[in-house]
Amino acid sequence: MPGSASRDAGIGQGRRGRNATADRALDILLMFDDDRLVLSAADVATRLAVARSTAYRYLQSLTGNGFLEERDGSGFRLGPRVVDLARLARKGVGLSDLARPVMRGLVKRTGMPALLTRRTGGTVVCLEREDAGTSLRLSYERGEVLGINAGASALALLAWAPAEELDELLAGPLPRYTDATLADPAALRAHLAEIREQGYAVGHGELDPDVLGIGAPVRGANGNIVGALSVAAFSHRVPEREVPHHIETVCQAAEDLSGQAARMGIG
């Protein structure tokens, strides 16, 4: 199996000067991979260069602590404690951790700065930003609260808000940031319906004058919206013919991040 020889060698070399009992337990756990889901005492004895009785003692200790399960005399497989640890590890990985490399790729492909945002009640919070080294610098800092009814990222979040929440959010006066801001609830509802139908939001100066924004929703494990990815640029620097390409790029990045978030159980 590819890589097994070097891994076996590393097990033997890395053991010098280590705590033998604890580290041999770890060595056993690291023997499992996609091609080796079950281990026997003979397998462990051979790879650790110990007597079979010693290998079996290690295996029994791991079994007793829930890290392994014995399969009717046919060998040992990973146990429920490993599954629990994997679940905790996934919980420790937040959306921002997953988004950063996706955002860097998005910036590289579009040449525009990127934002990761999330809706919290009636506001939008900037979780992450990635600059593009261009003259346009997004002024939003991590943790900054943004308006709910303007900007591609905000609209990409608002468009998929549950109906009862949307009614509440649009019940009060809506702020107007520029002449292009949709502050009329009826007009905004119609625009949000268009966004849901097409799957992305395009903003033209609703939050910042002369700025084009493109945003797409990010879904989590249960299909709910957990955030939005967006890019922004001065409108005059983005030829109209290039907008569809940038829309496709943003939507693909959001889809990639959604897949990662779902696999990690986020949302």
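What follows is a conversation about helix packing and then about salt bridges.

Mentor: Please keep in mind that this is a predicted model, in which local features need pLDDT of at least 70 and side-chain atom pairs count only at pLDDT 80 or more, while totals for chains, interfaces and linings use all residues. Residues are numbered from 1 along each chain as its sequence is written, and side-chain values use heavy atoms, with hydrogens and water left out.

Trainee: How do helices H6 and H10 pack, and at what angle?

Mentor: In general, two packed helices are described by the angle between their axes and the distance between the axes. Here helix H6 (residues 95-110) packs with helix H10 (residues 243-263) at an angle of about 160 degrees, and their axes are 10 Å apart. H6 is therefore roughly antiparallel to H10, a term used for angles over 145 degrees on a scale that runs from 0 to 180 degrees between N-to-C directions. Helices, by the way, are DSSP runs of H or I with at least four residues, and strands are runs of E with at least two.

Trainee: Which residues of H6 and H10 make the contact?

Mentor: Contact means heavy atoms within 4.5 Å. On H6 the residues include Leu95, Leu98 and Val102, and on H10 they include His245, Val250 and Leu257. By class, the contact of H6 with H10 has nine nonpolar, five polar and one charged residues.

Trainee: How many salt bridges does a search of the whole structure find?

Mentor: A salt bridge is a side-chain nitrogen of Lys or Arg within 4 Å of a carboxyl oxygen of Asp or Glu, and the search of the whole structure finds six. In one of them, Arg100 pairs with Glu128, with the closest N and O atoms 2.9 Å apart. This pair links distant parts of the chain, since Arg100 is in helix H6 and Glu128 is in strand E4 (residues 123-130), 28 residues apart. Asp97, Arg100 and Glu128 are linked in a network of salt bridges.

Trainee: Where do Arg189 and Asp167 lie?

Mentor: The side chains of Arg189 and Asp167 meet in a salt bridge, at 2.7 Å from N to O. Arg189 lies in helix H9 (residues 185-198) and Asp167 in helix H8 (residues 163-169), so the pair ties together parts that are 22 residues apart in sequence.

Definitions and conventions. Parallel < 35°, antiparallel > 145°, perpendicular 65-115°, else oblique. Nonpolar A, V, L, I, M, F, W, Y, C, P; charged D, E, K, R; others polar.
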